[in-house]
Amino acid sequence: MTAPSIPRVRARRPKVRTGCVTCKSRRIKCDEARPACLRCQKSRLPCQYHDASEMNQDGPQCQRTILPASQQLRPRGEFGMPLPPRVKRSDFLEPEVYYFDLFRNIIVENLCQNGYISLWSRTILRESFRDECVRDAVLGIGALSCALMVDNQCVNVKLTKPLWIVPTIAVSMPNTKYHRDAIKYYMKSIARFRTRISHEGSSIPPRSIMIISILFIIFETMQGDTDSIDRIMLSAITALKASLKQDVEPQCQTPPVLDDDGVREADYFLTRLSGFSSLLSPFHYSLLKSKVYEGSHMLKDTIPSPTSTPQQIQHAFEQYTTSALIWCFRTVRGNMSGGSPDDIKQQEEQLAVSYQADGWCKFITKKLEVESDPWQRRTWKIMLVEAKMFSIYTTYCHDAEEHERMWDSRVDDCREAVALAESVLDEPTPLNSLPPLFEDKLLPTLRCFICKCRDAETRARALRICTRLSGPWFENRAILVGMQIVIAMEEGNRDPCGFIPIRLRYRWNESSWNDDRTELRMVLTRIATGARKEFTFDSDCTIEDILKRLGKLLYDGQQ
């Protein structure tokens, strides 16, 4: 006769509350290594620990404050980073609290590396409690970040590293709870926004259009859907056109309320992202075909006094670079459509924008010379790299060959700007995370140098920096591949004097994907003649294989 079975009682152990925020959000064991635990290092995720004061807080679990977002990417008070609102668990249903935790602790921290801290850490979080569209979009992004974590852990490692990695969740049916929740919240946000548009029409506040559009762009960027990003940017800028002010001031039609800084940052961010994407990414050419930025305006003198605070200087610089970018966009589009280069108004604008770029270079250089704080020096350097790029780019020439010769004459300036960018990345920083999802300062500037500067060493150094800044993000990786191909094709055409003839230079102005995004179509255009070359290749190729297949193209180019 067998003895009756006695149920095993699991030994109760006290909960460990000293692990990092990321491991807690992922519900996995943390080894508590400092400054970053091994799991976060292996997964290339940000690793952050609670302060001891936060760990000792008492109170019922139902009233627990949601895990605090990163509140200090820089030394406290440098740019007056605002504190995010305190949110209680009771404000959310499960699993919404988990997705909101992920958004605040992973997505916001990643985005804040690029600046616009008021927008990411305050305005969007506060809007999620005022606007159901924003709330659902935030939860969808949080769920998608969790789905991507699971997706990355399940990826089979290949013997050969592909040129780009397509997120599995982006091209497959939702197969995890996190992915299904991400799609559910995202579609709810889209449906709510469409309903609001049908009911309110043009009376929707511009701040709502900007914030919701930015969140939609974040979601699609994480999935790597370049076509959807292109459509969202065009729709957002078109919807905001009626309220856009020509001097690029904050475009809020509502009375001044909290978060004005965040709304201003949303304005600058959306304008810069759409402008740089249209000019420097072959995946976003819809805006260049539209007329959203038509018209002319004179730039105000935005260079502040030397006694202004760093925050005031940065705001003024953002206003200038955004305005200068709009000018560059309109000029390039006008040249593409055969506009008159002799327009007096346009010449006056070019003189103004170029003069201010040179003024900003001198102003920031003086600030850099006397600055001792390492974080502020880093900020001045990034601003100076941007200012030098605009100083060159705004010396625009409508004749294609003359424009190329202008860039050839500014090689020393390009070389100096790239060296500054290298010094920024070589400095130690307290950040231990992926490169930001959006980088609209150094990355577009360096892409411009790669495309326009034909000095072999300078563009090779710029390409290495872009590789470090691009991270694993799908579109960034694809652009890196395309730029390597363009560089390799042009380098093969150097003459005995080391010069690339203008007739053998290319412009990469259009690309598209097949359905599962494993095959990339590139369209290259001869700068001097306008002749087009089109070819496709897949992600399993190598750059060397692609160039061998393009041997005939290179041979034809030398004829």
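User: What makes a residue buried, exposed or partly exposed here?

Analyst: Buried means under 20% relative accessible area, exposed means over 50%, and partly exposed lies in between, with a 1.4 Å probe and protein chains only. This is a predicted model, in which local features need pLDDT of at least 70, side-chain atom pairs count only at pLDDT 80 or more, and totals for chains, interfaces and linings use all residues. Residues are numbered from 1 along each chain as its sequence is written, and side-chain values use heavy atoms, leaving out hydrogens and water.

User: Why is Glu 32 called partly exposed?

Analyst: Its relative accessible area is 31%.

User: Why is Arg 517 called buried?

Analyst: Arg 517 has a relative accessible area of 11%. The limit for buried is under 20%, so Arg 517 is buried. Its place is in the loop between β1 (506–513) and β2 (519–526), where strands (E, at least two residues) and helices (H or I, at least four) are DSSP runs numbered from the N terminus.

User: What is called a nonpolar core?

Analyst: A nonpolar core is a set of buried Ala, Val, Leu, Ile, Met, Phe, Trp, Tyr and Cys residues joined through side-chain atoms within 4.5 Å. The largest has 75 residues, and Leu 446 and Ile 485 have the most contacts inside it. Apart from it lies another core of 66 residues, among them Leu 119 and Met 233.

User: Which residues does Ile 485 touch?

Analyst: Contact means heavy atoms within 4.5 Å. Leaving aside residues up to four places away in sequence, Ile 485 touches residues including Met 522, Phe 535 and Leu 550. Met 522, in β2, stands opposite Ser 511.

Terms used. Pairing = 2+ DSSP bridges.
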